Amino acid sequence: MIPFVKAHACGNDFLVMEETIAQGRHVVMAQRYCSRNTSVGADGIEFLERRGDGSFFLRLFNADGSEAELSGNGTRCVAAWLAYSEGLMEVTLGTHGGPRACKVRLQNGAEFLIESAMGVPRVIPRSIEVEGVGVVEGAMVNVGNPHFVIFTDRMDFSAHGMKWQELGAKIAVSPLFPHGTNVEFVRVMKKDEIAFRIYERGCGPTTSSGTGTCASSTAAIALRGAARELNAVAEGGSQRVVWPESDAEMMLTGPAEIICKGEVWE
């Protein structure tokens, strides 16, 4: 039996497993245990490594078995679990996208509000050619992992005559992005609020994304004059973003909830 914890951040759900049980089987474990019809079900697995010097390191594998640099929501879920199980109200978690410092701001049982330092984002306006669609205007944003942000004024977040899910699926695997990319569709609602939808590399449409929230906010601030402190609203809920005028590290505050712990047949 393999022990796991399941948690979610705005509906973006993850399994948390100890790195020691993976033994090189990360890909097959993610594909098997993230299946929503035949196993526990999740958008990905966060494998938690406890290093000899007392530090932590995360490896994130998406539901399709691909490895990603990091997940903002997934990192927050792990921070919530360490706070719940070990009383760590502040923790820094290493990722392939860089270290992420997390601090618990509020706790109510298994529900947490956590502030995370998300690094310094980089944004570049970019026009890309999408097969069967044509030229798509947007912005490449890096927040430790890659994103392509598209602005839209449509209530349903559609763009270029396509549903956002369809266009997102095309762009996510475009040859222009050798390692794939996450895709966000953003509406600037007012100076200090945006709404967005995300097509996530490796698992498709998700209700939320921590790095997607940061990427969408970065593009809105840099290219649409949005406020440096804003609410970013996804299908699963709202998260708070603060990007100082000095273009220092972006801070992300959002919820995380422990759903359950259990064991799954190997």
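This is a predicted model: local features need pLDDT of at least 70, side-chain atom pairs count only at pLDDT 80 or more; totals for chains, interfaces and linings use all residues.
Me: Got it. What about C102, which cysteine sulfur is nearest there?

Reply: For C102 the nearest cysteine sulfur is that of C77, 10 Å away, and C102 is in no disulfide. A pair counts as a disulfide when the sulfur atoms are within 2.5 Å.

Me: And how many disulfides does the count come to?

Reply: Zero disulfides by that rule.

Me: Is C77 buried or exposed? And C102, buried or exposed?

Reply: C77 is buried, with a relative accessibility of 0%. C102 is buried too, at a relative accessible area of 4%.

Me: Changing topic: how many residues does helix α4 have, and how far does it reach?

Reply: Helix α4 covers residues 210-224, which makes 15 residues. From first C-alpha to last it reaches 20 Å, close to the 21 Å expected at 1.5 Å a residue.

Me: How many of the residues of α4 are buried?

Reply: 12 of the 15, so α4 is mostly covered. Among the buried ones are G210, C214, S217 and I221.

Me: What comes just after α4?

Reply: G225, which takes a positive phi of about 70°.

Me: Which side chain does D43 join through a polar contact?

Reply: That of N12, with a polar contact of 2.7 Å between the two side chains. Leaving out residues up to four places away in sequence, D43 also touches others, including G11, D13, R36, N62 and C203.

Me: Which strand does E137 lie in, and is E137 buried or exposed?

Reply: E137 lies in strand β10, residues 134-142. E137 is exposed, because its relative accessible area of 52% is over the 50% cut-off.

Me: Which residues is E137 in contact with, apart from neighbours within four places in sequence?

Reply: R126, S127, F148, I150 and H160. With S127 there is a polar contact of 2.6 Å between the side chains.

Notes
Residues are numbered from 1 along each chain as its sequence is written. Side-chain values use heavy atoms; hydrogens and water are left out. Helices (H or I, at least four residues) and strands (E, at least two) are DSSP runs, numbered from the N terminus. Buried means under 20% relative accessible area, exposed over 50%, partly exposed in between (1.4 Å probe, protein chains only). Contact means heavy atoms within 4.5 Å. A polar contact is a pair of N or O atoms within 3.5 Å; within protein, one must be able to donate a hydrogen and the other to accept it, and residues adjacent in sequence count only if both atoms are side-chain atoms. The expected span of a helix is 1.5 Å times one less than its number of residues.
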